[in-house]
Amino acid sequence: VLDLDARLALTEAAMTLRLDQAAVAFEVNTAHLPAADPIPHIAAAPILPPPTRPYATPVAALLHDVRLLLEERGWCAGSMHGEDRQLCLYGALRAAAVGGGPLDQAMTALLEAIRRDYPDAVSVPAWNDQHGTARLAARYLDRATELAGARGL
């Protein structure tokens with residue numbers, strides 16, 4: 001009767017023999033194949049066009065841009081701008097609506113999306129400071145974007 005170490009040593013020797021035989025068989029079976037060409041050098045990655053907006057309506061596109069802006073810069077509460085360029089929901093809406101975008105309609109859609117779960121919400125800035133988190137801000141921006149897109153805003 002062999003102990004565990006002896007059985008492991010025998011199994012290792014048997015596996016080594018089988019692997020050596022498989023390596024020889026592979027060399028014999030592929031000896032007639034020409035060598036593969038080396039992989040060509042790729043100078044640079046292709047330049048991709050910027051992604052298109054998934055929403056064609058101006059309010060939905062603005063709310064989508066606000067979501068991307070908050071992902072890029074971060075979310076804050078208590079002020080429009082944080083110490084490291086973070087933005088609150090209202091600050092992000094104002095920053096994304098540069099050039100006279102539909103800020104009022106976007107604020108209305110966002111407040112409506114928030115009030116579905118928080119009926120006592122007075123305004124977007126007040127909700128942002130009282131109940132908001134980065135995750136909730138993203139969730140309600142998504143809901144408001146879908147709402148605006150469905151309404152053709």
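**View 1. Glu112 and its partner Arg116.** Glu112 is partly exposed, with a relative accessible area of 27%. The model shown here and in every other view is predicted. The side chain of Glu112 meets that of Arg116 in a salt bridge, with 3.5 Å from N to O. Arg116 is exposed, its relative accessible area being 56%. Exposed is the word for Arg116 because 56% is over the 50% cut-off.

**View 2. A salt bridge between Arg143 and Asp117.** The side chains of Arg143 and Asp117 form a salt bridge, at 2.4 Å from N to O. This pair links distant parts of the chain, since Arg143 belongs to helix α6 and Asp117 to the loop between α4 (103-115) and α5 (124-130), 26 residues apart.

**View 3. The network of Arg67, Glu71 and Asp142.** Salt bridges that share partners join Arg67, Glu71 and Asp142 into one network. One of these bridges is formed by the side chains of Asp142 and Arg67, at 2.4 Å from N to O. Asp142 lies in helix α6 (residues 134-151) and Arg67 in helix α2 (residues 58-73), so that the pair links parts of the chain 75 residues apart. Asp142 is partly exposed, with a relative accessibility of 32%. Arg67, in contrast, is listed among the buried residues of α2. In total, the structure holds five salt bridges.

**View 4. Helix α2 and its buried residues.** Helix α2 has 16 residues and reaches 22 Å from its first C-alpha to its last, close to the 22 Å expected at 1.5 Å a residue. Which residues of α2 are buried? They are Val59, Ala60, Ala61, Leu62, Leu63, Val66, Arg67, Leu69 and Leu70. An α-helix has 3.6 residues a turn, so residues three or four places apart point the same way. The buried residues of α2 pack against α3 (89-96), α4 and α6. Just after the helix, Gly74 takes a positive phi of about 100°.

**View 5. The crossing of α2 and α3.** Two packed helices are described by the angle between their axes and the distance between the axes. The axes of α2 and α3 come within 9 Å and cross at roughly 115°. The crossing of these helices is right-handed. On the α2 side, the contact is made by Leu62, Leu63, Asp65, Val66, Leu69 and Leu70. Leu89, Ala92, Leu93, Ala95 and Ala96 make it on the α3 side. Of the α3 residues, Leu89, Gly91, Ala92 and Leu93 are buried. Their cover includes α2, α4, α5 and α6.

**View 6. Arg85 in the loop between α2 and α3.** Arg85 is found in the loop between α2 and α3. Its phi is near 75°, a positive value in a residue other than glycine. Most residues other than glycine have a negative phi.

**View 7. The crossing of α4 and α6.** Where α4 passes α6, the crossing is right-handed. The two axes come within 8 Å and cross at roughly 115°. From α4, the contact is made by Ala109, Leu110, Glu112, Ala113 and Ile114. From α6, the residues are Tyr140, Leu141, Arg143, Ala144, Leu147 and Arg151. Glu112 has Arg116 as a salt-bridge partner, while Arg143 has Asp117.

**View 8. Ala138 in helix α6.** Ala138 is found in helix α6. With a relative accessible area of 15%, Ala138 is buried, because buried means under 20%. How many residues along the chain lie between the positions of Ala138 and Trp75? They are 63 residues apart along the chain, and their C-alpha atoms are separated by 9.4 Å.

**View 9. The protein chain as a whole.** The chain has six helices and zero strands. From the N terminus on, its elements run α-α-α-α-α-α. Buried residues make up 25% of the 153 residues. Among contacts between residues at least 6 apart in sequence, 54% join residues at least 24 apart. The chain exposes about 10,800 Å², and carbon and sulfur atoms supply 59% of this area.

Conventions: Residues numbered from 1 in each chain as written. Predicted model: local features only at pLDDT ≥ 70, side-chain atom pairs only at ≥ 80, totals over all residues. Heavy atoms only, no water. Salt bridge = Lys/Arg side-chain N within 4 Å of Asp/Glu carboxyl O. Helix = DSSP H or I, 4+ residues; strand = E, 2+ residues; numbered from the N terminus. Buried < 20%, exposed > 50% of the residue type's maximum accessible area, 1.4 Å probe, protein only. Expected span 1.5 Å × (residues − 1). Contact = heavy atoms within 4.5 Å. Areas by Shrake-Rupley, 256 points an atom, 1.4 Å probe, with all protein chains shown as cover. Axes fitted to C-alpha atoms, helices over the stretch in contact; angles between N-to-C directions. Left-handed = near helix turned anticlockwise from the far one by under 90°.
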